[in-house]
Amino acid sequence: MNAHEALRRASRLTADVAAEVRRRFGTPCYVYDRAALEAAARQALAFPAPFGFTLRYAMKANPSRGVLQLFRDLGLHVDASSDFEVERALRAGFAPERIQLTSQAPSLALASHVARGVLFNACSLHQLDELGRIARGGEVSVRMNAGLGSGSTKRTNTGGPASSFGIWHEDLGEVKALAERHGLRINRLHSHIGSGTDPEVWKRCARMTLDLVAQLPEVGRVNLGGGFKVGRMPEEPSVDLADVGAHVRREIEAFRERDGRALHLEIEPGTLLVANAGAIVASCVDVVGTGADGYLFAKLDAGMPEITRPSLYGAQHPIDVLAVGRDQAAVVFVGPCCESGDILTPAPGDPEALMPRWVPRPEIGDLVVIGGAGAYCAAMATINYNSYPQAPEVMLEPDGALRLLRRRQSSEQVWQNEL
Ligand SMILES: Cc1ncc(COP(=O)(O)O)c(C=O)c1O
């Protein structure tokens, strides 16, 4: 059993806690477990790096202030993916120099980030050029696409020729020319090859990234991105961080032998730190069937407005019906939206196919807990679709107390900006 399985099995979100969540905050409601978040961060902080290490949290996975502040206090740095995430990290109390912007879109606030000391990772030649115009003679990181990627699905692969992320490795000459033209010092190199990556591909890409570092003599810090696979279902594998760490350590030591540079290492996981530390407490609001050759459906009050991963990727999340003494039934779980894609139990990797789960036969009013919902759920949901208000977020404290992090949106807030 690896650390993530241990965390999941030790979940403190018991039926009593779920009932208290519903009584106090209503459903659907996100619940994050502080002890599990801390344990995941401490495990990642132990990543072996021979010449210095920075753990940079990819806040896109879960940018809730309560989560950010917890990681801030443990000494983590932040990967922000937009100008707005930079603001959010600053508001959560991160020092500017602990925030790095790695944005797919050009920044609209680059001058202000530079003035405040927020770090910048140029993700295209255009971004590098823009930085050079604003901060001649400054220091910069470049995000490179080393030529290979891997993700849990094609949609989460961010490396190789089919990915628009980062600067294509064959454009390194142009990177150097731009840096020279603007007097920029490229002292950091970054790559992130996807989410839910195959660890073997991740290791190969680490080497390919170091080969790029070899061609940029001023680089002293390499960021190998995130993407570490985390099983949310009991049968899904999770990355063996110790194995990947040992491999990277050897690579960095070998680089030192070849090149003389002792590189500072960064990794920037999102999923690894939060995925299994969060859950959604939901209620079963209806049960319908489609005959002997059809399906039994349980409709929950949580769906796409809270969790899109199943309908986007065919991602699998544990779903527990908190009922005892019931017969088991094969059930397809769906969300509350008028949208046939609002499915919580698709087939693995195939959002269009239904995959019933064997669970205690649900009844209206049952509490249902959707697990593995700490990453890319609250952060990446279709909030306000069908005008459902955004769900609240709660922290389960180590002493069992439930602390509200974010209130449920009111109806007025859904339409407050309409003129
Ligand atoms: C640049 C960058 N770094 C890190 C991450 C985190 O990835 P994961 O949550 O798979 O660890 C992402 C996710 O898309 C990313 O785009």
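What follows is a walk through a predicted model, from its domains to its helices and then to single residues.

Start with the overall division. The domains do touch: 23 residues of domain 1 are in contact with 23 residues of domain 2. On the domain 1 side, the elements that give two or more residues are α3 (34-45), α4 (65-73) and α11 (271-274). Of these, α3 gives the most, with 5 residues. By class, this side of domain 1 has 9 nonpolar, 8 polar and 6 charged residues.

There is also a ligand. Around the ligand stand 17 residues, and A58, S195, G226, G270 and T271 come nearest. By class, the shell around the ligand has 6 nonpolar, 8 polar and 3 charged residues.

Helix α3 has 12 residues. From its first C-alpha to its last, α3 reaches 16 Å, close to the 16 Å expected at 1.5 Å a residue. Its buried residues are A36, L37, A40, A41 and A44. They cover an arc of only 135° around the axis, which puts them on the same side of α3. An α-helix has 3.6 residues a turn, so residues three or four places apart point the same way.

Helix α4 also gives residues to the side of domain 1 that touches domain 2. In α4, the buried residues are V67, L68, L70 and F71. Viewed down the axis of α4, these residues fall within an arc of 160°, so they line one face of the helix. What covers them? The cover over the buried residues of α4 includes β1, α3, β2 (53-58), α5 (83-91) and α11. Just after α4 comes G75, which takes a positive phi of about 90°.

Helix α7 spans residues 125-134, and Q127, L128, L131 and G132 are buried in it. Seen down the axis of α7, the buried residues fall within an arc of 140°, so they line one face of the helix. On the other side of α7, H126 and R133 are exposed. The buried residues of α7 pack against α6 (110-116), β5 (119-122), β6 (139-145) and α8.

Next, look at a strand residue. V394 sits in strand β19. Is V394 buried or exposed? V394 counts as buried, because it has 22 C-beta neighbours inside 10 Å, where 20 or more are needed. V394 and Y30 are 364 residues apart in sequence, yet their C-alpha atoms are separated by 6.1 Å. Leaving aside neighbours within four places in sequence, V394 is in contact with V21, F25, C29, Y30, V31, L402, R403, L404 and L405.

A loop residue comes next. H169 lies in the loop between β7 (167-168) and α8 (172-182). With 19 other C-beta atoms within 10 Å, H169 is partly exposed. Not counting residues up to four places away in sequence, H169 touches M144, N145, A146, G147 and L212. H169 and A375 are 206 residues apart along the chain, and their C-alpha atoms are separated by 30 Å.

T27 and P28 are joined by a cis peptide bond, with omega about -5°. P28 is placed in the loop between α2 (15-25) and β1 (29-33). Two asparagines share another loop. N384 lies between β18 (367-370) and β19 (393-396), and N386 lies in the loop between β18 and β19. Phi of N384 is near 75°, a positive value in a residue other than glycine. N386 has a positive phi of about 60°, although it is not a glycine. N384 has 14 C-beta neighbours inside 10 Å, so it counts as partly exposed. N386 is partly exposed, with 14 other C-beta atoms within 10 Å.

Terms used
Residues numbered from 1 in each chain as written. Predicted model: local features only at pLDDT ≥ 70, side-chain atom pairs only at ≥ 80, totals over all residues. Near = placed C-beta within 6 Å. Nonpolar A, V, L, I, M, F, W, Y, C, P; charged D, E, K, R; others polar. Contact = placed C-beta atoms within 7 Å. Helix = DSSP H or I, 4+ residues; strand = E, 2+ residues; numbered from the N terminus. Expected span 1.5 Å × (residues − 1). Buried ≥ 20, exposed ≤ 12 C-beta atoms within 10 Å, placed from the backbone. Arc of directions from axis to C-beta.
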